[in-house]
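The following note sets out several points for a colleague examining this entry. Please read the points alongside the sequence and coordinates.

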Amino acid sequence: MPIVAHNDLPTFQRLRQEGQTILEPGRALHQTIRELHIGVLNMMPDAALAATERQFFRLVGESNPIAQFYLHPFTLQELPRGEQARAHIDRYYDSFEQIRAQGLDALIITGANVSHPDLSQESFWEPLREVFDWAQQNVTSVLCSCLATHAAMQFQHGQKRRALPAKCWGVFPHRVIRGAHPLVHDVNTQFDVPHSRFNNISAEQFRQAGLHVLVESEEAGVHLAVSADGIRVVYFQGHPEYDTVSLLKEYKREVQHFAAGKRSDYPPFPDNYFKPLDQAILNEYHQRLTVAQAAAEPLPGFPEQLVAGRIDNTWHDAAEGIVGNWIGLVYQLTHAQRNLPFMDGVDPANPLGLDWIAGSHK
């Protein structure tokens, strides 16, 4: 929670310059202390629907031990669903109409599976734009994850994602390049982030759109950027919400696709993820699978349990820190009424009051 600068102590100004949130007494007195209502627009396919819920709920819940959160999952009716997923949604999810009527303080938009090279051809395109446009007028901040970032960059700024020569897949080191922004305050200047994508929005594209890049990687590119005003839209291109074994399960799924003839090549390892011993175990499995296929014998079981307990999670602490900072900023800015984005006195063009936002789009 933020410190209140109740006198002229120079340390308050020094900390503010370093990116820490320091409130003026007048601002602190007018803040409304209440629970936060956060929407989760879950666009993931049926197989990942519940896991994605858990990942984002966990990340929000663990990021701040003081605030109280009401999380409101919802989805887009245009996305194809099976019977079981539809029953889950009908029982536990809000509708967008309910969300719109009641209001939100913040909104998380997940990724989605796509089938077209141009995102504007996807069935979710127009419904997603409707949600996003509503949120821009009524929600303090929107956090976009991976595919949602690509979609928002296209329909907001005309910046289309570009296909990569090979899939960006693994856990990659990143650096904070704009440490004065409060989203990355007190976060390690270098930390890991998982990525899993075939397409990319470059740092140059973010900057051409007038956005601020906060965290990037030499190998994986931009992970974290924010809108020109500094907070209304937060863009993740990686997957900080991933569980420790998420990439293992994705690798297993790709191996199973190969075994079933759904992909022609055997999948490579995700970068910087498996230890040498685990790679040896998985290479041995590949050999056993090849022998079984050649002999038309039953296929061996994937050795998931031999590997799962040995994987190190090197990204979750940083993810918690950034999401915790995001929630803290929303808490300081949002209106007492859930359907209004800002409390009185907040400048919508520069809600955080950052000096470098006003005259710079570096």
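1. Strand β7 (residues 162–176) pairs with strand β8 (residues 190–200) in the antiparallel sense, over 10 bridges. Within this pairing, H174 has F191 of β8 as its bridge partner. Strands are DSSP runs of E with at least two residues, helices are runs of H or I with at least four, and both are numbered from the N terminus; two strands pair if DSSP finds at least two bridges between them.

2. β7 also pairs with strand β9 (residues 212–217), again in the antiparallel sense, over two bridges. Here R175 has E216 of β9 as its bridge partner.

3. On provenance, the model is predicted: local features need pLDDT of at least 70, side-chain atom pairs count only at pLDDT 80 or more, and totals for chains, interfaces and linings use all residues. Residues are numbered from 1 along each chain as its sequence is written, and side-chain values use heavy atoms, with hydrogens and water left out.

4. The model contains 13 aromatic pairs, that is, rings of Phe, Tyr and Trp (its six-membered ring) with centres within 6.5 Å; planes under 30 degrees apart count as stacked, over 60 as edge-to-face and the rest as tilted. F96 and W134 form an edge-to-face pair, with 5.7 Å centre to centre and 85° between the planes. This pair links distant parts of the chain, since F96 lies in helix α5 (residues 96–102) and W134 in helix α6 (residues 125–138), 38 residues apart. Both F96 and W134 are buried (under 20% relative accessible area with a 1.4 Å probe and protein chains only; exposed is over 50%, partly exposed in between).

5. F258 and Y266 form an edge-to-face pair, at 5.1 Å centre to centre and 80° between the planes. F258 counts as buried because its relative accessibility is 19%, and Y266 is buried at 15%.

6. A cluster joined by ring pairs comprises W169, Y251, F269, Y273, F274, Y285 and F302. The charged end of K167 sits over the ring of W169, 4.6 Å from its centre; the criterion is NZ of Lys or CZ of Arg within 6 Å of the ring centre and within 35 degrees of the ring normal. The charged end of R178 sits over the ring of W356, 4.0 Å from its centre.
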